[in-house]
Amino acid sequence: MGHRHASRRQILRWSMAAGAGVLAAGETDAAASARTLGAPLGPYGERSPFEKGIRFTRESRTPETGSSFTPIQESLGTITPSALHYERHHGGIPSIDPSVHRLVIHGMVERPLSLSMADIRRLPSVTRTLVLECGGNSAGEWAAPGPDVQRTYGMVSGSEWTGVSLARLLEEAGVRPGASWVIAEGADACRMMRSIPLGKARQDSLLAYGQNGEAMRPAQGYPLRLINPGWEGNANVKWLQSLRLTDQPYMARDETSKYSDLMPDGKTRIFTFEMEAKSVITFPSGGQMLPGPGLYELTGLAWSGQGLVDRVEVTVNGGETWQRALLQEPRLPIALTRFRLPWRFDGREAVIASRCVDETGYVQPTREALIAARGTNSIYHYNGIKFWRVRGDGTVVHVGA
Ligand SMILES: Nc1nc2c(c(=O)[nH]1)N[C@H]1C(S)=C(S)[C@@H](COP(=O)(O)O)O[C@H]1N2
Ligand SMILES: [Mo]
């Protein structure tokens, strides 16, 4: 699996040959026009009006319940701007005043607690950069590969979360012997609930109030949400108002009829919390267009709910051979990991894909392997390899189109 990386100088030489990057007569005059006085300062930042990337919102029966997808085809680096974080709500976004919000910790505990946001913010804080992915991300791929990366793989985002360790609060409350589950409940209209094994809660669960350097956005769970690193989005209960210690799971809607997988033998897999390794090429990807032959940087995102991305392998010949992509450092466990590979498009059709291998040795499967293992009844937990076809004219479509 030998691989060579084109040097920066080679890339420059290539783009120069194609006519890009060459200073044209008159260009220096154009730069001078920027000397006129610019816009005044503002109290809260906006992006450039030239930037157009937006979330795609899937039609649903009511506008309050639904999903939106991050434009990962335009993402740079590994952090998703809060304004473009994907959203998934089952009962709309509640408006919660943090000065009256409380979190209760009760059930099988020695000392039930009722905490204000001020109480929570006084505790020692923890900050972690993590990926969050809906268990239903890429659901459509089970039936047929979809046309673009935003709608097929866009229910994934990366943020820096700040909050307090749940383990610490559980110590404070004193877990009674025999307790083995924590039932988390949201304050939204549907009172979304999930049962979390006590082991996870004691290991690395966070009660987050910060996202990307400021208070988290209302859509992400303001003022408080549960973050279970590496676990399907649904287990990260937003607008968190209650944690109840029990000796059995609640068997809530979202852990029985939803976010479970009906297997070929008619049995259902439930409580499959951990998201397995996954990756996708975001450039070039479906719907994009390469202006012509030449050297490009092929890039995408990889992640694993089980820890670090160990490597990402890329094929440009439909899976015949694979080569290692460069991984952006620092790599963080359970976080979006950017991969890059210089690639020369020679004007002939190329079928490209990426596959992620995580630190446990788990290899992202092909769609065929996934279907062979899980059948075709599944909706959730799709992490198959995604192939794009770069046509000779530079247009990019999904394989299957
Ligand atoms: N209270 C509450 N928590 C919730 C949900 C919800 O509807 N209500 N949706 C869940 C689902 S299905 C996902 S994928 C994530 C989405 O988080 P995000 O909207 O911040 O991306 O939140 C989870 N937590
Ligand atoms: Mo979800």
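Me: Taking a polar contact as a pair of N or O atoms within 3.5 Å, what does the side chain of Asp-188 do with ligand 1?

Reply: An N or O atom in the side chain of Asp-188 is 2.6 Å from a nitrogen atom of ligand 1. Keep in mind that this is a predicted model, in which local features need pLDDT of at least 70 and side-chain atom pairs count only at pLDDT 80 or more, while totals for chains, interfaces and linings use all residues. Residues are numbered from 1 along each chain as its sequence is written, chains are lettered from A and ligands numbered from 1 in the order in which they are written, and side-chain values use heavy atoms, with hydrogens and water left out.

Me: And which oxygen contacts are there, say with His-85 or Arg-88?

Reply: An N or O atom in the side chain of His-85 is 3.2 Å from an oxygen atom of ligand 1, whereas for Arg-88 a backbone N or O atom lies 3.0 Å from an oxygen atom of the ligand. The protein buries 100% of the 540 Å² that ligand 1 exposes when taken alone (accessible areas by the Shrake-Rupley method with a 1.4 Å probe).

Me: How many residues surround ligand 1, and which are closest?

Reply: There are 21 residues around ligand 1, and the closest are Tyr-86, His-90, Asp-188, Lys-238 and Tyr-259; a residue is near if one of its heavy atoms lies within 4 Å. By class, the shell has eight nonpolar, eight polar and five charged residues, where Asp, Glu, Lys and Arg count as charged, Ala, Val, Leu, Ile, Met, Phe, Trp, Tyr, Cys and Pro as nonpolar, and the others, Gly among them, as polar.

Me: Which element gives the largest share of that shell?

Reply: Strand 3 (residues 87-89) does, with three residues; strands here are DSSP runs of E with at least two residues, numbered from the N terminus. Two strands pair if DSSP finds at least two bridges between them, and strand 3 has three bridges to strand 2 (residues 66-69), with His-89 opposite Gly-66.

Me: Switching topic, why does the five-strand sheet have strands with one side left without a neighbour?

Reply: That open sheet runs in the order 19-18-22-23-24 with antiparallel pairing. Strand 19 (323-324) and strand 24 (396-398) are at its edges and have a single partner strand each, so one side of each lacks a neighbour in the sheet. Strand 24 pairs with strand 23 (residues 388-390) over three bridges, and Val-396 is the bridge partner of Val-390.

Me: Where should I look for cis peptide bonds?

Reply: One joins Tyr-222 and Pro-223, with omega about 5°, and Pro-223 is placed in the loop between strand 11 (214-215) and strand 12 (225-227). Another runs from Glu-329 to Pro-330, with omega near 0°, and Pro-330 is in the loop between strand 20 (326-327) and strand 21 (337-345).

Me: Is phi of Asn-212 positive or negative?

Reply: Phi of Asn-212 is positive, near 50°, in a residue other than glycine, and Asn-212 is found in the loop between strand 10 (206-211) and strand 11.

Terms used. Helix = DSSP H or I, 4+ residues; strand = E, 2+ residues; numbered from the N terminus. Polar contact = N/O pair within 3.5 Å; in protein donor to acceptor, adjacent residues only side chain to side chain.
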